[in-house]
Amino acid sequence: MSAAFTVLGGGVCGLAVAAELAARGAAVGLVDPAGAPGPHACSWWAGGMLAPDCEGVSAEPGVVRHGRRAADWWEARGAEVIRNGTLVVALGRDRSELTTFSRRAENARRIGRDEIAALEPDLGERFAEALLMEAEAHLDPRATLAGLRARLAGQGVAFRTEEPADGPAEGQVIDCRGLAARDSLADLRGVKGEMVVLRCPEITLSRPVRLLHPRFPLYIVPRGDGVYMLGATQIESGERRRATLRSVMELLNAAYALHPAFAEAEILEIGVDARPAFPDNLPRLRRQGGRLFANGLFRHGFLLAPALAVMAADLVLEGRIPEDFHEDHSER
Amino acid sequence: MPNFYGTEIASRLMLGTAQYPSPAILAEAFRRSGAGIATVSVRREAGGERAGEAFWALVQELGVALLPNTAGCHSVREAVTTAQMARELFDTRWIKLEVIGHADTLQPDPFGLVEAARILVGEGFEVFPYCTEDLVLCERLVEAGCRVLMPWGAPIGTGLGLNNIYGLRSLRAHFPELPLVIDAGLGLPSQAAQAIEMGYDAVLLNTAVARAGDPAMMAEGFARAVEAGALAHAADPMEPRDMAAPSTPVLGKAFL
């Protein structure tokens, strides 16, 4: 079958765009030289938090507005979305961080020790107050990427590892290569993130927990079976392959401060990659060089890929210009 | 206007470039405040192969003087190496020298600072040392060849303002000709105004702006405060006095 659209890049952005096009009946091929989703894609290292209200504390309003649709979108595409909200805590002397956060976040509900203990029994003794972001959700990024890929393959999306040798890719090209698209997008930069995966059966958490700290903010996302992902640093560097001792130490220290039982956790994985970002840290659809680029998801891959994919499909299938995240209408 | 190592700067406001929600908001903060100098950290961003270049290019596009720093360095050697790297990256002799002595308070290590300053001045750097308001330390830094001093107002990121007014006044009095910059600890524009009213040449801040709900608006607030402080200083303020002094003569009463 000849594809009307060729999506370049099989990370969260490319898969979401392919899914949205296929769902509307378009013929889609997806090319990723690295094959199935894996450590080469920065979404492989993501936290998988669908946390628009938390992110809204420092991100633009568009991130919140469009991010609110993410949980439903993923669920409708077969992802296991856990809707337990997010718990936000701060250690004693950083209590003021909680006050600032609650002032700036939408839908934050202040809860006390009893309610904390009811939600997360392991944290009840450690924190007298917290913020509960009830509308938020999380998912397992790797299972989600693999699941979506399998689903698309079942729907007839053609996955290839190289572009056809006899010239350019078939149909209209939608370039979702993330940071690899720096070869075409001069204003795209990498923002390095480091993360750690731990196994700690002694602790049970059933929702993402954010530990506010002026210097070392941390989030911890339960992956089930006592496995936790700790994230993430945010460093203005395009470096993709070097987790530093300082960063890992900060993450581990913060986890230990959240609960001392993490001291006995097994370190399963230390991950690092760079997130693709534009100067305003917002994603973009951009037409350039005969392609449509969908890129710049920054730290909001799973949160904003659905909205960006919907906008890309609106644009290429129906000619509808999205209100946000679409930068220019003309070729340049 | 402040003059650092022979370069006149058109603003008394200097801003750090870390912790902003995005580079676009950082640029907006500079635009609205007219800040004259941007400090930029290289230690962590440098990575293996100039991996921070994309961000540094954005900072260079701000069109203001760049002051690279050695933030995050805890030893003389680390600070010196970072300064050398910064000189290469940014093609400037300026270095804001930080040698952190205490991990919790991020308090400067005065001994390491003097040693590192000596080494760097010897290598041709123009050093802006981040120091405490300790007079003896500041004298040593000047002996080492520093021609700018950057005493803290309070520990980095605390927003507590000018913690030791007496010490800072006495520093100003002891070094009447030397450019002095309050670095660190400011949280509100009123605190910046106070520093400039006291005769300080400039203020440097980062967290107070970057972590405000609206960083660009806060940057403008600081810019106006700094301007107010400079006008007040230039206008030769009245001395405070204990007795009330009516500004309108009270006619018809006995002169007591």
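**Aromatic cluster and helix packing in the predicted model**

Phe4(B), Tyr5(B), Trp94(B) and Phe128(B) form one aromatic cluster, where rings of Phe, Tyr and Trp (its six-membered ring) pair if their centres lie within 6.5 Å. The structure is a predicted model, in which local features need pLDDT of at least 70 and side-chain atom pairs count only at pLDDT 80 or more, while totals for chains, interfaces and linings use all residues. Residues are numbered from 1 along each chain as its sequence is written, chains are lettered from A and ligands numbered from 1 in the order in which they are written, and side-chain values use heavy atoms, with hydrogens and water left out.

Over all chains, the count comes to eight aromatic pairs. One of them joins Phe4(B) and Phe128(B), whose ring centres are 5.5 Å apart with 65 degrees between the planes, an edge-to-face arrangement (planes under 30 degrees apart count as stacked, over 60 as edge-to-face and the rest as tilted). This pair links distant parts of the chain, since Phe4(B) belongs to strand β1 (residues 3–4) of chain B and Phe128(B) to strand β7 (residues 126–131) of chain B, 124 residues apart; helices (H or I, at least four residues) and strands (E, at least two) are DSSP runs numbered from the N terminus. The rings of Trp94(B) and Phe128(B) have centres 5.0 Å apart and planes at 55 degrees, so this pair is tilted. Here too distant parts of the chain are linked, with Trp94(B) in strand β6 (residues 94–97) of chain B and Phe128(B) in strand β7 of chain B, 34 residues apart.

Elsewhere in chain B, the axes of helix α7 (residues 189–197) and helix α9 (residues 215–234) come within 7 Å and cross at roughly 25 degrees, axes being lines fitted to C-alpha atoms, for helices over the stretch in contact, with angles from 0 to 180 degrees between N-to-C directions. The two helices α7(B) and α9(B) are therefore roughly parallel to each other (under 35 degrees; over 145 counts as roughly antiparallel, 65 to 115 as roughly perpendicular and the rest as oblique). The residues of the contact between α7(B) and α9(B) divide into ten nonpolar, three polar and one charged, where Ala, Val, Leu, Ile, Met, Phe, Trp, Tyr, Cys and Pro count as nonpolar, Asp, Glu, Lys and Arg as charged, and the others, Gly among them, as polar.

In chain A, the axes of helix α1 (residues 12–23) and helix α9 (residues 301–318) come within 8 Å and cross at roughly 45 degrees, which makes α1(A) oblique to α9(A). The residues of this contact, including Val12(A) and Ala16(A) of α1(A) and Phe302(A) and Ala305(A) of α9(A), divide into 14 nonpolar, one polar and one charged. Phe302(A) is also touched by Thr144(A), which contacts Trp74(A), Ala79(A) and Leu139(A) as well, not counting residues up to four places away in sequence (contact means heavy atoms within 4.5 Å). Thr144(A) lies in helix α7 (residues 141–154) of chain A and, at 6% relative accessibility, counts as buried.

Conventions. Buried < 20%, exposed > 50% of the residue type's maximum accessible area, 1.4 Å probe, protein only.
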